[in-house]
Amino acid sequence: MFSRREMLDLVLVNEQARGIVVRNLVTGEIESHGADAVVLCTGGYANVFFLSTNAMACNVTANYRAYQKGALFANPCFTQIHPTCIPVHGTYQSKLTLMSESLRNDGRVWVPKTAGDKRSPDQIPESDRDYFLERKYPSFGNLVPRDVASRNAKEQCDLGKGVGETGLAVYLDFRDAISRDGKDVIGQKYGNLFQMYEKITADDPYEKPMMIYPAVHYAMGGLWVDYNLMSTVPGLFVLGEANFSDHGANRLGASALMQGLADGYFVIPYTIGGYFAGAQLPKITTTQSEFTSAARKASDRTQRLLSINGKRTVDDFHRELGGILWEYCGMARNDEGLAKARTLIQSLRSEFWKNVKVPGVERDLNQSLERAGRVADFLEFGELMVIDALARRESCGGHFNEGFQTEENEALRDDDNFCHVAAWEYAGEGKDPQFHKEPLVFENVKLTQRSYK
Ligand SMILES: Cc1cc2nc3c(=O)[nH]c(=O)nc-3n(C[C@H](O)[C@H](O)[C@H](O)COP(=O)(O)OP(=O)(O)OC[C@H]3O[C@@H](n4cnc5c(N)ncnc54)[C@H](O)[C@@H]3O)c2cc1C
């Protein structure tokens with residue numbers, strides 16, 4: 001077990017994945033590790049948006065470096081934005097807090113009917129409230145899926161009906177549930193969440209409606225894998241949120257942990273054995289050129305980051321990248337915005353390599369250096385997300401292109417032309433990635449237009 005290491009490269013020998021290069025996060029030493037196969041379980045890339053509900057250490061580096069070594073990246077534009085999070089409250093915030101999905105079982109989502117109504121919620125009578133999810137989706141109400149709930153909250157805020165100081169929040173109100181079931185019952189169900197909310201916002205949800213706003217939460221895209229969880233690189237297996245499988249464009253609640261368990265307990269123990277049984281695996285050592293050149297490349301990149309000595313911090317670049325993606329490749333996208341985002345990301349990336357400031361040294365615990373490497377990858381990966389979003393000429397789940405919507409403003413799919421997984425192949429620095437299509441074949445279910453009306 002090698003803890004406190006960050007994978008910086010995948011090593012291929014005779015086109016098979018045979019090891020990794022890592023940086024020891026405590027000593028800064030670059031190490032090489034050889035193996036018969038490589039299994040990546042390095043999580044999702046939602047932190048490309050800077051603010052997300054994910055842990056601060058989540059990143060795309062392992063996936064991105066594997067992509068650069070030939071593993072296809074599938075559906076990178078599919079990210080899930082969760083409707084039930086504590087709203088952003090300041091520029092210097094580094095993380096967002098998820099409140100549980102379960103709260104929408106009893107909480108009612110609403111905004112004032114009139115834009116700009118700044119009365120406190122207890123002063124807004126029933127007749128002046130818009131329970132917009134219940135009104136628009138009578139059969140599902142507050143329990144519509146995450147993408148629909150998120151987009152509708154954004155729409156209300158865009159109409160000027162958002163609440164709180166920033167206007168980027170909607171109410172999640174337990175008043176009716178408390179009067180129906182009593183405070184004790186609601187406390188038994190959600191007491192821990194209410195306490196957490198109160199600690200963060202200083203408001204008591206038993207007395208005053210919660211304020212919530214969507215936040216980036218999960219990456220449905222990831223490295224392409226087959227049913228054995230092997231990527232397009234022989235011997236490179238990818239499990240959990242790091243792969244693209246199972247969730248399509250709109251992951252449903254609880255399915256991620258199920259996937260993690262299924263991948264780890266039930267699939268990989270058998271499929272990796274199958275690979276070993278069929279593959280030729282000549283002996284290797286970490287002194288051979290494939291390892292030494294990958295280690296040198298990792299070390300050179302680290303040196304390069306340290307030598308720039310510019311004026312902007314790593315977080316400053318990351319925050320700007322996240323802002324671009326949130327604005328143009330977030331809950332709702334359009335062609336013009338996506339094209340703009342691509343240009344903005346390219347110029348931000350070029351500034352990063354001239355003007356980033358990474359303090360400290362290589363051979364030490366250096367979190368700025370760690371983050372710099374991750375943000376450098378996010379700056380390339382963000383462009384891949386935008387390329388993928390531009391190529392998908394339809395709306396589906398987490399990818400909502402405003403140019404493709406039904407008369408009722410719901411996502412309009414184009415199953416004739418886009419019922420496929422988009423898998424991208426790295427073509428080299430500065431070159432557009434190459435598109436590959438895996439058609440989706442449905443044998444037992446018929447594709448239909450979703451409706452929660
Ligand atoms: C707040 C929150 C609540 C959630 N609630 C639910 C829920 O109720 N139900 C549900 O099904 N799902 C839920 N999810 C989603 C689910 O938790 C994740 O999808 C799941 O934990 C992903 O597991 P994983 O093992 O694939 O990746 P992770 O748990 O993200 O683990 C990846 C690990 O790899 C490490 N790593 C990353 N890059 C490198 C590298 N280059 N080198 C070395 N190590 C690296 C990371 O530090 C991390 O430790 C929630 C997610 C969040 C953020």
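**View 1. Contact between domain 1 and domain 2.** In this predicted model, 12 residues of domain 1 are in contact with 16 residues of domain 2, two residues being in contact if their C-beta atoms, placed from the backbone, lie within 7 Å. On the side of domain 1 that touches domain 2, the residues divide into six nonpolar, six polar and no charged, where Ala, Val, Leu, Ile, Met, Phe, Trp, Tyr, Cys and Pro count as nonpolar, Asp, Glu, Lys and Arg as charged, and the others, Gly among them, as polar. Domain 1 comprises 5-78 + 220-439 and domain 2 comprises 82-214, with bounds that come from an automatic or database domain assignment. The C-alpha centres of the two domains lie 33 Å apart. Residues are numbered from 1 along each chain as its sequence is written. Because the model is predicted, local features need pLDDT of at least 70 and side-chain atom pairs count only at pLDDT 80 or more, whereas totals for chains, interfaces and linings use all residues.

**View 2. The shell around the ligand.** The ligand is surrounded by 22 residues, of which G43, A62, G240, A256 and L257 are the closest; a residue is near a molecule if its C-beta atom, placed from the backbone, lies within 6 Å of it. By class, this shell has 11 nonpolar, nine polar and two charged residues. At least two residues of the shell come from each of β1 (5-13), α1 (61-68) and α6 (255-278), and α6 gives the most, with four residues. Helices (H or I, at least four residues) and strands (E, at least two) are DSSP runs, numbered from the N terminus.

**View 3. Helix α10.** Helix α10 (residues 367-391) has 25 residues and reaches 36 Å from its first C-alpha to its last, close to the 36 Å expected at 1.5 Å a residue, the expected span being 1.5 Å times one less than the number of residues. Of the 25 residues of α10, 19 are buried, so the helix is largely enclosed by the rest of the structure; buried means that 20 or more other C-beta atoms, placed from the backbone, lie within 10 Å of the residue's own.

**View 4. An open antiparallel sheet.** Four strands form an open sheet in the order β11-β5-β15-β16, with antiparallel pairing, and two strands pair if DSSP finds at least two bridges between them. The edge strands, β11 (222-223) and β16 (434-439), each pair on one side only. Strand β15 (residues 420-425) pairs with β16 over six bridges, and H420 stands opposite P439 in β16.

How values were computed:
Buried ≥ 20, exposed ≤ 12 C-beta atoms within 10 Å, placed from the backbone.
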